[in-house]
Amino acid sequence: MLLEIDGLNIAFPTRRGIVNAAKSVSLSVRAGEVLGLVGESGAGKSTIGNAIIDLLEAPGRVTAGSIRFMGEELRTMDADQMRDVRGKRIGMIFQDPQTSLNPLMTIGAQLVETIEKSTKLRGRGAYDHAVALLEQVGITEAVARLRAYPHQFSGGMRQRVVIALALAGDPDLIIADEPTTALDVSIQAQILDLIKSLCRERNLGVIIVTHDIGVIANIADRVAVMYNGEIVETGDVAQVLGAPKHVYTQSLIAAVPRADTKLDRFTSVDYIEGNTASFRRIDIQNHWLGKSQRHDHTGDAIEVSNLNLSFVLQKAMLKRNRRMLKAVSDVNFTVQKGETFGLVGESGSGKSTVARLIAGLYKPDSGQVHVFGKDINQNRKAPESRAARQALQMIFQDPYSSLNARMRVLDIVAEPIRFYRLTDSEQETRTIVGDLLEHVGLGAAAALKYPHEFSGGQRQRISIARALASRPRILICDEPTSALDVSVQATILNLLKDLQQELGLTMLFISHDLPVIRQMCDRVAIMRHGEICEVAEIDAFFEAPQHSYSKHLLDLMPDMNLLTAPTSKV
Amino acid sequence: MDKIDDKPLTRWQRFKDNDIVWSFLSSPGAMIAAVVASVMILACIFAPVIAPFDPFDPAQISLWDGKLPPSWVEGGQSKYLLGTDNQGRDMFSTILYGGRLSILVGLAAVCLGMVLGVTLGVIAGYVGGVTDAVIMRLADVQLTIPGILLAILINGVGRAALPYELRDEFAIYVVILAIGLTDWPQFARVARGATLVETNKEYVQAARIIGLPSLLIMSRHIMPNTLRPILVIATIGLALAIISEATLSFLGQGIPPTTPSLGTLIRVGNDYLFSGLWWITLFPAVALIVLVFSVNLLGDWLRDALNPKLR
């Protein structure tokens, strides 16, 4: 065994009592093997990675158990010995390649420094070794690249450099903490391949810490599933993903969106957010929420024609000296009433900008946005275009910054109702807010609390309630679940599906996650560099993509064949 | 994952749970400073109840008792704890009354500067463009002039604008105005910075999609979220405003000697410094230093408590 952890306990004393981040955790890694450590946020998976190399954040400490690395006990080592192990014999790869490199030093200087610290190579020898390392991690023209600074590299290239740094001391074990979370799918696949091939070539042990079942399915040989500081299941990757034994693993895997078939709903994940399902649901048709508004809405829900928008990157007095970024270029599409339209693309493709243009947060340079046949940018003060905009609400990606921390949930949700005087009395407003909160699965008592008292998924429910309070006909969802854990994502997506059916909403659903798109959307548009490559029916797109970029994206999707068949009941 | 409690927290529970309250209760320096500052401020506010004499009542002042040393020094009288000044007023009472005036001027000036600065700063940050440029350049220009000089200027102009017989009566308001107008750029800068951060957050975009007008977005959503850093500079600004008032009065530009503030007392005492009457200037000066120091300590603690990254 390369690494053996036995009965590890990690405690974080806080002023509200001791939090046990790890409870008698036992793990082992062999040389030449990739161990996936998977769990949702707060499960304690990163803490274990940090504990191995003695880099626990204060005030955390290991209270019991042993960590044996190649037969030596790491816990009893002093700081000097530990420093020798760290870097030389155990390498680390962190999540964010932006911050794990020093922006003021060239890649070469950082690599040579690390090599000189952790091996016997000096000067010319260290330099040659740096070139060799860069070539190993797949960076071409390594000699020229050594003179470059981190900002001259793309995210994926930077992560390759970080991997080269981790390899500098010729370690026996690599701990990779969410190594691909900050990267786009296309780069994620390359980095995972690289880690896997390095593991095989150099006979390394690799621990890969992640929340993403897809990553695990692609790279790991064995999996350990963590929940609430405990390892609930360990085993061969095919066995754990294909035939999970523990209830938590089962519900976790059931919550992973699948790309191969479309399901009506995600199987319920009671094990995780058990107390939300039982709340009272209101009879929408006869409720205030379901009553139609004064303006009747006819025609296509959203029609976008020849939309263009550029951002100024560098200001200048003269037009020719300005540097512009074309964020949206000649975009056309129509969203029919009642359908869910997906907008897919990698980061920087302009999909969120399109959403903000439709919501009226940005004004286009040219082109029109029609909502129910009304141009929203022409004569913005006119009652028709105001009504058209009012019929449209948005749900944002980040559940932490999308709610005003200084307002009670009641005031957040009631804001549009009060502002537009949609009810006759304050009493009625309060009743409606209570009903809304019940309906999104929070319970009316939530109204008197503040946003910080809720978890990410619960906050997203508050966001949904706020959006519904305007009685919208169109809901724009901008990556509504990409900041959430899979289990919570499943419940939120279910809620959105239900609401759409009950209220007959039109949805514009923006995501980078193809399986989620498959589950949610009727039609889909693929965006790249501000342009639309392809618009297609969802099934047609997944079975026979037309554009070469669509094919490329579909090829990169993590292979989920190991997962349990969708019909199996949890 | 958080559990959903059915009962919302009561105000008191929320208060006790607050990180800032907790940080306060676990930093002894801040607690001592808070006790000292609040004892002084309370004593000054309740000066009419606490002080043994009323220095503004001519019937209680006798020139025969003038220039008496503190009670523990030879020649001192027990009824005048800290001695008397040249006009026979009890030093302890005058310090309490003078402190009252100093604190009042400080608070009012900070409030004025804060209201002005935060309003302008939030508008500059939210509206941007030309409005932003005009407001912030104005602030920059004002910051190139030393604060105390500007306060003297505003104070002088303000006094000159008043008819002669009203000058003493309104002197205090002129001083407040002078210090408040000198203060605002600090508040505007911080408020603008915080506004730029908040405006990009999604809750502001959500408010815009709802269709709320800009004024409502600024006042209801952005302003409350900029208050944390504002609170810090307001606390430190209070100490500075008290010093500014004392400086103005010391220079004879501020509060007239008939209604003495701490600064006026120090100035009066300054004339007697070399004739052995040290108590007339020492005690008001010590009171001023202790007050400003404890308020500053509170401000420092507040800055650290509100910005966990500094810890």
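# A walk through a predicted two-chain model

Read along its sequence, chain B follows the pattern α-α-α-α-α-α-α-α-α-α-α-α. In other words, chain B has 12 helices and 0 strands. Its C-alpha atoms fill a box of roughly 75 × 50 × 30 Å, taken along the principal axes. Keep in mind that this is a predicted model. Its overall scores are ipTM 0.79 and pTM 0.81.

How is chain B put together? Start with two of its helices, H10(B) and H12(B). H12(B) covers residues 279–306, and H10(B) covers residues 214–250. They pack at an angle of about 165°, with their axes 8 Å apart. An angle over 145° counts as roughly antiparallel. H10(B) and H12(B) are therefore roughly antiparallel to each other. Their crossing is left-handed.

Now look at the residues where these two helices meet. H10(B) brings B:Arg228, B:Leu231, B:Val232, B:Thr235, B:Ile236, B:Leu238, B:Ala239, B:Ile242, B:Ile243 and B:Ala246. H12(B) answers with B:Leu288, B:Leu291, B:Val292, B:Val295, B:Asn296, B:Leu298, B:Gly299, B:Leu302, B:Arg303 and B:Leu306. Sorted by class, the contact of H10(B) with H12(B) has 15 nonpolar, 3 polar and 2 charged residues.

A second pair in chain B is H7(B) and H8(B). H7(B) spans residues 147–161, and H8(B) spans residues 167–199. These helices pack at an angle of about 145°, and their axes lie 8 Å apart. Here the crossing is right-handed. From H7(B), the contact includes B:Gly147, B:Leu150, B:Ala151 and B:Ile154. From H8(B), the contributors include B:Arg167, B:Val174, B:Val175 and B:Leu177. By class, this contact of H7(B) with H8(B) has 9 nonpolar, 4 polar and 2 charged residues.

Where does chain B touch its partner? The meeting involves 19 residues of chain B and 30 residues of chain A. On the chain B side, two helices give two or more residues each: H9(B), residues 202–210, and H10(B). You have already seen H10(B) packing with H12(B). H9(B) gives the most to this side, with 7 residues. The side of chain B that touches chain A has 10 nonpolar, 4 polar and 5 charged residues.

Turn now to chain A. Its domain assignment gives domain 1 (3–254) and domain 2 (284–314 + 325–556). Note that domain 2 is listed in two stretches of sequence. The centres of the two domains, taken over C-alpha atoms, are separated by 37 Å. The contact between them takes 10 residues from domain 1 and 6 residues from domain 2. On the domain 1 side, H7(A) (185–202) and H10(A) (247–255) each supply at least two residues. H7(A) gives the most to that side, with 3 residues. By class, the domain 1 side has 4 nonpolar, 4 polar and 2 charged residues.

H14(A) runs over residues 409–419, and H15(A) over residues 426–439. They pack at an angle of about 120°, with their axes 10 Å apart. H14(A) and H15(A) are therefore oblique to each other. H14(A) passes H15(A) in a right-handed crossing. A:Leu410, A:Val413, A:Ala414, A:Ile417 and A:Arg418 in H14(A) meet A:Thr429, A:Ile432, A:Val433, A:Leu436 and A:Leu437 in H15(A). This contact has 8 nonpolar, 1 polar and 1 charged residues.

How confident is the predictor? Chain A has a mean pLDDT of 84, and 93% of its residues reach 70 or more. Chain B has a mean of 84, with 93% of its residues at 70 or more. Within chain B, confidence is lowest in H1(B), residues 11–17, at a mean of 67. It is highest in H6(B), residues 129–144, at 93.

Some stretches call for care. In chain A, pLDDT stays under 50 over residues 272–278, where the model has 11 contacts beyond four places in sequence. It also stays under 50 over residues 565–570 of chain A, with 7 such contacts. In chain B, residues 1–6 stay under 50, with 9 contacts beyond four places in sequence. Where pLDDT is low, the predicted coordinates should not be read in detail.

Conventions: Residues are numbered from 1 along each chain as its sequence is written. Chains are lettered from A and ligands numbered from 1 in the order in which they are written. This is a predicted model: local features need pLDDT of at least 70, side-chain atom pairs count only at pLDDT 80 or more; totals for chains, interfaces and linings use all residues. Helices (H or I, at least four residues) and strands (E, at least two) are DSSP runs, numbered from the N terminus. Ala, Val, Leu, Ile, Met, Phe, Trp, Tyr, Cys and Pro count as nonpolar, Asp, Glu, Lys and Arg as charged, and the others, Gly among them, as polar. Axes are lines fitted to C-alpha atoms, for helices over the stretch in contact, and angles run from 0 to 180 degrees between N-to-C directions. Angles under 35 degrees count as roughly parallel, over 145 as roughly antiparallel, 65 to 115 as roughly perpendicular and the rest as oblique. A crossing is left-handed if the near helix is turned anticlockwise from the far one by less than a right angle, and right-handed if clockwise. Domain bounds come from an automatic or database domain assignment. pLDDT is the predictor's confidence in each residue, from 0 to 100.
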